[in-house]
Amino acid sequence: MKQFALIALLLTAQVAAAQDWAKAKLEKSPRHREWVSIKHDGRSVETFVVYPESKAKTPVVLVIHEIFGMTDWVQDLADQLAELLSGMGPNGGRSSDFPQGKATEAVSHLNPDQVTADLNAAADYGKKLPASNGKLFVTGYCWGGGQSFRFATNRGDLAAAFVFYGPPPDKDAMSRIKAPVYGFYAGDDARIGATLPETMLNMKAAGKTFEPVTYEGAGHGFMRAGEAPDASEANRKARTEAWARWKSLLAK
């Protein structure tokens, strides 16, 4: 499989629930990791960069976290993809600067235009890295899944968007999408699953590529829950299958 330098936009705080299993995996990683500040429009976005171990230049994958914020699991996922994580905390700081338990509230109040601007800044930064080959992907989970779908309506140079159990953008915005969109959805997630039939019709009417897969028995958040030590069989199976599909799509 190809290796990737990834960017995950870190917009808020860590969740209260510890994810020691994810942190332990990350600490064992041999890949180089570092924090940098991406400056744009008078703001500074704190960014965590993880470089793949590769002789060749690699694509960049922009990763957008769940509504819980930048958890240990997001960093673990970032490292698994060898990616770059970026974000914003209070006073321009990192997610850990938020009071514990405030992540969901902070994410829900983010200005959509600011999110797009931060994503664009992170994407531009990643594409200009000497180790980047200039190819750009985006992916997101839960709230981030919806943002990755929406970012596809605002970023014309995406190679593909990978949406994990996130809502669709406005119907009128779909006409601006240029990249294929691949969806990963949970069977036991009626809130998001109910949006799929109309999303498929709207994307088809707009002449856009949208290929969703639903993993039966899995719950919302199965990419995280399926990796936890106490994962249900359905979530574990969904994560394994989704990961295999994702890797295959990235390798195209």
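Predicted model: local features only at pLDDT ≥ 70, side-chain atom pairs only at ≥ 80, totals over all residues.
I started with Cys142, which sits in the loop between strand E6 (132-141) and helix H5 (143-152). My helices (H or I, at least four residues) and strands (E, at least two) are DSSP runs, numbered from the N terminus. Residues are numbered from 1 along each chain as its sequence is written, and side-chain values use heavy atoms, with hydrogens and water left out.

I then looked up the phi of Cys142 and found a positive value, near 60°. I noted this because most residues other than glycine have a negative phi. Cys142 is buried, at 10% relative accessible area (buried is under 20%, exposed over 50%, partly exposed in between, with a 1.4 Å probe and protein chains only).

Next I turned to Asp41. I found this residue in the loop between strand E2 (33-40) and strand E3 (43-50). Is Asp41 buried or exposed? I have Asp41 down as exposed, with 68% relative accessibility.

My last stop was Val181, in strand E8 (residues 181-188). Val181 has a relative accessible area of 0%, so I count this residue as buried. Which residues does Val181 touch, leaving out those up to four places away in sequence? I listed Phe149, Ala161, Val163, Met203, Thr209, Phe210 and Glu211, where contact means heavy atoms within 4.5 Å. I also checked Lys208: 27 residues separate Lys208 from Val181 in sequence, and their C-alpha atoms are 8.2 Å apart in space.
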